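Okay, everyone, let's get going.

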Amino acid sequence: MENGYFRIGRFGGAPVRIHWSAPLGAFFFGGFRFAPAAWGAFILIILIHELGHAALVRRFRLEVSRVDVHGIGGVCCWHGYPTPMQRALIAWGGVFGQAVLLAIAFPLLFVLPPTTPDWAMDIVHACTRTNLYLMAINLLPVPGFDGAEAWKIFGKAGLPAWWRSRKFRKSHKQAPKKGFGAGLGSQGVYKPFDPNDILEKTPTDHKRPPPHMLN
């Protein structure tokens, strides 16, 4: 145990830990009833949420320090120098992870038979209803919640800036090269110098041979 945390594994070298208070939080969100299966599902939702953040941190080649689950939620600690767009996407990562779990669990509500054990239904309900509830809370645009950073993806430094940057790179890539590249054709093939080009591109009344052809 490390400061009340139990290490359950690693994610890219970073420890993944669960605090002893996590079951208490699950008991609270489970409506103060004895439902161990629902408690476990609640902790799983929080863990998937934090691993969703960690996955995008790693995707942007930043460093994850640790992933913790505790009684009132969880935290993914990381450091690096992300762009505003990357920071917003990392904030969305937790909800993306929950959305994957929701997509898996939701169809089960319609296919499980009425004789399904209560503990199994508790897991399904936690992965759907409780999951949606936690997604909505996390997306509140309030400091301390993911929504404070996630919704910035639609701000000036988010998608609009990314789109402008993409258009600039595309136009710059297609622009004709100057200087050293001027001797290359449109397909990047070297075109040798031809003295006749000067005559062909000069108005008829101004045509004269190139300097090295003069006597």
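Let me start with tryptophan 151: at 37% relative accessibility, that residue counts as partly exposed (buried is under 20% relative accessible area, exposed is over 50%, and partly exposed is in between, with a 1.4 Å probe and protein chains only). Tryptophan 92, on the other hand, comes out as buried, at 13%. These two make an edge-to-face aromatic pair, with 5.1 Å centre to centre and 80° between the planes. For the pairing rule, rings of Phe, Tyr and Trp (its six-membered ring) need centres within 6.5 Å; planes under 30 degrees apart are stacked, over 60 edge-to-face, and the rest tilted. Tryptophan 92 sits in helix H3 (residues 84–105) and tryptophan 151 in the loop between helix H6 (147–150) and helix H7 (159–174), so the pair ties together parts 59 residues apart in sequence.

Before going on, the ground rules. This is a predicted model, where local features need pLDDT of at least 70 and side-chain atom pairs count only at pLDDT 80 or more, while totals for chains, interfaces and linings use all residues. Residues are numbered from 1 along each chain as its sequence is written, and side-chain values use heavy atoms, with hydrogens and water left out.

On confidence: pLDDT is the predictor's confidence in each residue, from 0 to 100. The chain's mean is 81, with 72% of residues reaching 70 or more. Residues 179–193 fall below 50, and beyond near neighbours in sequence that stretch has 8 contacts in the model (a contact being heavy atoms within 4.5 Å). Residues 204–215 are also below 50, with 9 such contacts. Where pLDDT is low, the predicted coordinates should not be read in detail.

Now the overall layout. We have 8 helices and 4 strands, taken as DSSP runs numbered from the N terminus (helices are H or I, at least four residues; strands are E, at least two). The order from the N terminus is β-β-α-α-β-β-α-α-α-α-α-α.

Back to the rings: there are 10 aromatic pairs in the structure. One of them is stacked, phenylalanine 29 with phenylalanine 42, at 4.9 Å centre to centre and 20° between the planes. Phenylalanine 29 is in helix H1 (residues 22–29) and phenylalanine 42 in helix H2, 13 residues apart. Both belong to an aromatic cluster that also includes Trp39 and Phe32.

Next, charges. How many salt bridges do we get? The count is 4, where a salt bridge is a side-chain nitrogen of Lys or Arg within 4 Å of a carboxyl oxygen of Asp or Glu. Aspartate 68 and arginine 17 meet at 2.9 Å, N to O. Aspartate 68 is in strand S3 (residues 63–70) and arginine 17 in strand S2 (residues 14–19), so this pair ties together parts 51 residues apart in sequence. Aspartate 68 is buried at 1%, and arginine 17 is buried too, at 10%. Arg66 joins them in a salt-bridge network.

Last one, glutamate 50, in helix H2 (residues 36–59).
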